[in-house]
Amino acid sequence: MDSLRNVVIVGGEDGNPSRFVTQIGPVKFAKDFEMAITSFYHGEVFNINNTNNKVYFHVASDRNPLSLDIIKKFKGKTTANIPSSMGTFVPVLKMVTIPEGSYSSSISVCWAITNLIKKELGLTRKRDAMNAIMDKQSYNVINIELNNLYMVMEGQNDTPWALLGVHEDKFERFTIENKDLHCCNFPAIAYANIVENSYINGKASRNLGIISIKNGPQWSYEPAHPNYIPINVKEFCKISIELRDIKGQYIKFNPMFNNIMMLSIRPIKGSEGMF
């Protein structure tokens, strides 16, 4: 058998597009070998997924017209700190969940949020609760109106607001940039079961390399100079690779697409041997 071998793996192990497993061999090395990712083709990435698709908000109470004023003034405090002169009021935090998917722009996410909130509250008029419209002077700006609504963003890590560039609670009109969410690239770490340990944030990890992922419909990654990592086992019959983001979460690929990865295995320079 030749001393240079290409291995193609299709993702989807256990229904997860970020897990790649293949059986080859059994393989037995006489000398030292190394492995690299030479190409990777993937389908669309869900930029709205189960890690950032929750939207939290308070709604003005029919029984207490000062309800939102109380929330604004005593944000973060317990109801015991609210003076009795402001009336009896226990704030209720509501939530809607955005369907997972690949959203093309900030405005598409805002419209999804708007429609879900109106549906949750049984509202139909355009200016009810939340209204997101493009600025007439600039299509790069979105004007968002909140009516009798307090949007909770602070302290919530599973919302889409960070993706949209908003990090503070909102309770009135505000503007955001209409970003193209499909032009964004971000890194993914490839972990492999047979390569030597390297260190990520001081922790030993079997890191095969960093891959550039794009939040678009389809994307191919083909490094001009693949990064080869020594293989630390002499015999094996299975290669397992996982793609995770910098937080350690699996990349949220659309499961309807097949992701394809190509690996190259070769002798370490100066080492002779065969499979």
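I kept in mind that the model is predicted.

**Confidence.** I checked the scores before going on. The protein averages a pLDDT of 86, and 87% of the residues score at least 70. Among the elements, helix 2 (residues 106-121) has the highest mean, 97. Helix 1 (residues 67-73) has the lowest, at 70.

**Strand 3.** I turned to its pairings. Strand 3 and strand 15 (residues 229-230) are antiparallel and share two bridges. With strand 14 (residues 219-221), I found three bridges, again antiparallel. Strand 17 pairs with strand 3 over eight bridges, in the antiparallel sense.

I then followed Phe-40. Tyr-221 stands opposite Phe-40 in strand 14. In strand 17, Phe-40 has Met-261 as its bridge partner.

Why is strand 3 largely enclosed by the rest of the structure? I looked at burial along residues 33-42: nine of the 10 residues are buried, so the strand is largely enclosed.

**Surface patch.** Next I looked for nonpolar side chains on the surface. Val-8, Val-10, Tyr-41 and Ile-260 form a nonpolar patch there. Together they have about 320 Å² of accessible area.

I placed Ile-260 in strand 17 (residues 260-267). Is Ile-260 buried or partly exposed? I read a relative accessible area of 35%, so Ile-260 counts as partly exposed. That clears the patch cut-off of over 30% relative accessible area.

Terms used: Residues are numbered from 1 along each chain as its sequence is written. This is a predicted model: local features need pLDDT of at least 70, side-chain atom pairs count only at pLDDT 80 or more; totals for chains, interfaces and linings use all residues. Side-chain values use heavy atoms; hydrogens and water are left out. pLDDT is the predictor's confidence in each residue, from 0 to 100. Helices (H or I, at least four residues) and strands (E, at least two) are DSSP runs, numbered from the N terminus. Patches are made of residues with over 30% relative accessible area and no salt bridge: like charges are joined within 9 Å, nonpolar side chains (Val, Leu, Ile, Met, Phe, Trp, Tyr) within 5 Å. Accessible areas come from the Shrake-Rupley method with a 1.4 Å probe; for residues, only the protein chains shown count as cover. A salt bridge is a side-chain nitrogen of Lys or Arg within 4 Å of a carboxyl oxygen of Asp or Glu. Buried means under 20% relative accessible area, exposed over 50%, partly exposed in between (1.4 Å probe, protein chains only). Two strands pair if DSSP finds at least two bridges between them.
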